[in-house]
Amino acid sequence: MTAIGITACATKSDESLKEKVESYAVVEVTSPLYDALSDNDKKIVAIFREVADIMDGLFWKQTFGDKSRIEDLPDGPAKQYALINYGAWDHLDNNAPFIEGYGEKPLGCQYYPQDMTAEEFEALEDPDKLSLYTVIRRDENGALKTVWYRDEYKEEIEKACTLLEQAIELTDNEGMRNYLVERVKAFRTDDYLASDLAWMDMKDCNMDFVVGPIENYDDHLYEAKAAYEAFILLKDEKRSANLAKYVGLLPELQKVLPCAPEYKTFVPGTSSDLNVYDAIYYAGDCNAGSKTIAINLPNDERVHALKGTRRLQLYNSMMAKFDKIMMPIGEVLMTPEQIQYLSADAFFWNVTFHEVAHGLGVKQTVNGKGSVDAAMGSEKTTWEEAKADILGLFMVSRLIDMGEITDITKEQSVATFIAGIVRSVRFGFASSHGKANMMCYNFMEDYGAFTRNAEGKYVIDFEKAAAAIDAWAALILETQATGNFEFAQKYSAKNASIRESLAADIEKVNGAGIPRDIRFEWAW
């Protein structure tokens, strides 16, 4: 039987951990948008901050357990790094343990009993065992049972709901009020559909509060359990207005995807919105390790069918990563002739359309295997992220050809994308995002999209890169449309890895002292 166990490991040296702490560039988070808020809105933001901190504590419970075990560590690099990572495992090193006594991170974190076996779980006859909003626990006889989040985390949930009810009384925005009312109900029932639909309708508010159990990336055992998180966001009205027209183009973009016609029959919703925000607070899952710079939600396919999704671009976080990480990587790895193609604007467009791409492609298999998510099983998020990566780049290139994007060239988009993959693969392959990035990098290299000159600098062949984009997109869409889990599993096992040449590139980047990610100092 297969059990989830813990083995001992040695604590890394203080010097080694000091370097790891410093590998996260400190970014002081400010925004001129906050200064423009009314006094009443600032009171609402303060309430959101309290709720976000509750989400932060819940995520600690989910991913690690008792946070006091970290807080009781002596002050120093080990404690600092554990606080960055929400535990004793390194997000940027494939969850390698760095504090003695913790061993490998349990695949199921704290969502399941640590001694649970795969056979036990399979034998549990409960329709809610794979719900996003249940944990698995043992009853008084030691048998497995499901417990809803509303019961497992009852005390914290009630505190959060009480605070949100205060915000409901303060807000004068009807969309925000309706969303918060429905979100309170969702916290208390673990039924998030109505609140997700209400969030989709919140079109005209100058702020946003993404809060709750949302993503399931933290559960590496079954990818079934949602982790608590929160973002407090302020809307950039000017930049958002510039993006509004692209939502109407989604059905047209779906029709020109580089795949067989039967793989693109899904019609994306056009009530989705595409907006730009400054992030003024992250908490919980989104704040652990590498930082999110764009959001595409809700995840519920019922909402996708009815209303689409909302894509939120976190502009200040995005620009911080470009300035502190992306541009320096390009200067180390690319030829002088091609460094000119690195562009903050291209980075913005690539990230923006990565999120848009989640709403395109295939949702139901074409051969009777049901939904793509169900058919792809444990490979679903890896291949979905791979799809979003390459279709995002495909759409940017197509929109440049159509004259819809005019402030960058295709060369800038492609060069910035390739530098962005190198930035991302430094996070390792513990996450679905990491596996997707490495599959894309290896595919593009094998296709000849880029080579290295005698000095080891990247030389991009833009014609071959264009062909590689189409070919990789076609392979992903076919794999999803046919629900070919066996192929997906074998392909990712072979290709979601760092090859020797890339490892050498990463060593160059690391040797140059370029940060791997950012961490925040909040102004509020």
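## Exercises on cavities, pockets and contacts

I329, G330, L333, M334, I418, A419, V422 and Y458 line the second largest cavity. The model is predicted: local features need pLDDT of at least 70, side-chain atom pairs count only at pLDDT 80 or more, and totals for chains, interfaces and linings use all residues. Residues are numbered from 1 along each chain as its sequence is written, and side-chain values use heavy atoms, with hydrogens and water left out.

**Exercise 1.** Describe the second largest cavity by volume, lining elements and residue class.

*Solution.* Start with the term. On a 1 Å grid over the protein atoms alone, a cavity is a set of points where a 1.4 Å probe fits but cannot get out; lining residues have an atom within 4 Å of a point. A volume is the space filled by probe spheres set on the points, which are joined across faces, edges and corners. Two cavities of 30 Å³ or more are counted. Next, the elements: α14 (315-333) and α19 (410-425) each supply at least two lining residues. Helices (H or I, at least four residues) and strands (E, at least two) are DSSP runs, numbered from the N terminus. Last, the classes: seven nonpolar, one polar and no charged. Here Ala, Val, Leu, Ile, Met, Phe, Trp, Tyr, Cys and Pro are nonpolar, Asp, Glu, Lys and Arg charged, and the others, Gly among them, polar.

**Exercise 2.** Work out how α14 packs against α23 (500-511).

*Solution.* Take the geometry. The angle is about 115°, and the axes lie 10 Å apart. Axes are lines fitted to C-alpha atoms over the stretch in contact, and angles run from 0 to 180 degrees between N-to-C directions. Then list the contact (heavy atoms within 4.5 Å). I329, V332 and L333 of α14 meet D505, K508 and V509 of α23. By class, this contact has four nonpolar, no polar and two charged residues.

**Exercise 3.** Characterise the second largest pocket.

*Solution.* A pocket is an open set with protein on both sides within 12 Å along at least five of seven lines. The volume here is about 390 Å³. Its lining has 19 residues; L83, Y86, N287, F520 and W522 lie nearest the centre. α3 (39-63), α5 (77-85), β8 (273-284) and β13 (517-522) each give two or more. β13 gives the most, with four. The lining divides into 11 nonpolar, two polar and six charged residues.

**Exercise 4.** Classify the aromatic pair of Y281 and W522.

*Solution.* Rings of Phe, Tyr and Trp (its six-membered ring) pair if their centres lie within 6.5 Å; planes under 30 degrees apart are stacked, over 60 edge-to-face, the rest tilted. There are 39 such pairs. Y281 and W522 are 5.1 Å centre to centre, with 55° between the planes: tilted. The pair joins β8 to β13, 241 residues apart.

**Exercise 5.** Locate the cis peptide bond at P298.

*Solution.* The bond joins L297 and P298, with omega about -5°. P298 sits in the loop between β9 (294-297) and α13 (301-307).
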